[in-house]
Amino acid sequence: MKLRQPTFLLYVGMFILVTGVSVIQSCTQDPADALTEPGLKGGQVVRYDGSGFHLQMNIPQHPTDSIPAQTILNENTGELDINAGDNFGLRVIQESRSVEQFRQDMQAMSLFSMRIVEETPELLIYQTLLPDGTAHFFHIYATRIINGVPYTIRSAPESDFTEADVVRMKEALNSLRPL
C-alpha cells in the first residue's frame, strides 16, 4: 500500500507538469508579431501584427518603467495582453460587447460594487468597492472598432491599479490605431 501512494503522486505530478507546459506553450510572445520602440514623450510604441490583431498604441512613460512593453497572446482564449511594468496592463479581445453590457454585468456581481469615475458609450473607468464600502482598485473598460473589427479592451483583471495608472491606460487607448 505504501508503494501506491508515491506512484499516484508521481502520476499527479507528471500530469500537472505536462498540462502546465501546455498552458505555457499556448501563450506566446512572438517577436515577429510584436514590435516595441521608443515613443513620444519617452513612452513606447507597441505594434502587434498577428493572429488577427493589427494594432499599435503609444504607451506613455511612467517613472518606474525600465523594461520594454510586452505583448502576450493567449492562443487558447484569443486574448492579447499588453504590459509595461507593474503599472500598465491591458487585455485586448476581439469581441463586440458594449460598455453598458459590461457595466450591467459588473453591477450584477454580488462581491463588488462599483463607483463610476468616468463613463461614455465607449469608455468606463471605475473603482471597485467591497461590500462594506471600502474602496478597492481602479479599472478601465473600453470598446473600439478598428478597420471594421470590434475590440474590447480592459485593464488586466489579475492586477491592481491606481487611478493614475488607469488614466495612463486611457491615454494609451486614445492612441490605439490600425497598422
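**Figure 1. Phe-102 and Tyr-126, two buried aromatic residues.** In this predicted model, Phe-102 and Tyr-126 are both buried. The model holds four aromatic pairs. In the pair shown here, the ring centres of Phe-102 and Tyr-126 are 5.9 Å apart and the planes meet at 50°, so the pair is tilted. Phe-102 belongs to helix H2 (residues 99–108), while Tyr-126 belongs to strand E9 (residues 123–129). The pair therefore ties together parts that are 24 residues apart in sequence.

**Figure 2. Phe-102 and Tyr-141, a stacked pair.** A pair of aromatic rings is described by the distance of the centres and the angle of the planes. For Phe-102 and Tyr-141 the centres are 3.9 Å apart and the planes lie at 0°, so this pair is stacked. Tyr-141 sits in strand E10 (residues 135–146) and Phe-102 in helix H2, so the pair ties together parts that are 39 residues apart in sequence. Tyr-141 is buried, as is Phe-102.

**Figure 3. A cluster of rings formed by Tyr-48, Phe-53 and Tyr-151.** Ring pairs link these three residues, Tyr-48, Phe-53 and Tyr-151, to one another as a cluster.

**Figure 4. Gln-44 and its contact with Ala-69.** Gln-44 lies in strand E3, which covers residues 44–50. Its relative accessible area is 11%, and because buried means under 20%, Gln-44 is buried. The side chain of Gln-44 reaches the backbone nitrogen of Ala-69 at a distance of 2.6 Å.

**Figure 5. Strand E7, covered on both faces.** Strand E7 spans residues 89–93, and five of its five residues are buried. In a regular strand the side chains alternate between the two faces of the sheet. On one side of E7 are Gly-89, Arg-91 and Ile-93, and on the other are Leu-90 and Val-92; all of these are buried.

**Figure 6. The strands that pair with E7.** Strand E6 (residues 79–83) and E7 pair in the antiparallel sense, with four bridges. E6 and E7 form a hairpin with five residues between them. Gly-85, in the turn of this hairpin, has a positive phi of about 75°. E7 also pairs with strand E11 (residues 149–155), again in the antiparallel sense and over four bridges. Here Leu-90 stands opposite Ser-155 of E11.

**Figure 7. Asn-147, in the loop between E10 and E11.** The phi of Asn-147 is near 55°, a positive value in a residue other than glycine. The relative accessibility of Asn-147 is 62%, and because exposed means over 50%, Asn-147 counts as exposed.

**Figure 8. The protein as a whole.** The protein has three helices and twelve strands. Of its 179 residues, 36% are buried. Among contacts in the protein with a separation of 6 or more, 46% are between residues 24 or more positions apart. The accessible surface of the protein is about 10,500 Å², and 58% of this surface belongs to carbon and sulfur atoms.

Terms used
Residues numbered from 1 in each chain as written. Predicted model: local features only at pLDDT ≥ 70, side-chain atom pairs only at ≥ 80, totals over all residues. Heavy atoms only, no water. Helix = DSSP H or I, 4+ residues; strand = E, 2+ residues; numbered from the N terminus. Buried < 20%, exposed > 50% of the residue type's maximum accessible area, 1.4 Å probe, protein only. Polar contact = N/O pair within 3.5 Å; in protein donor to acceptor, adjacent residues only side chain to side chain. Phe/Tyr/Trp six-rings, centres within 6.5 Å; stacked < 30°, edge-to-face > 60°. Contact = heavy atoms within 4.5 Å. Areas by Shrake-Rupley, 256 points an atom, 1.4 Å probe, with all protein chains shown as cover. Pairing = 2+ DSSP bridges.
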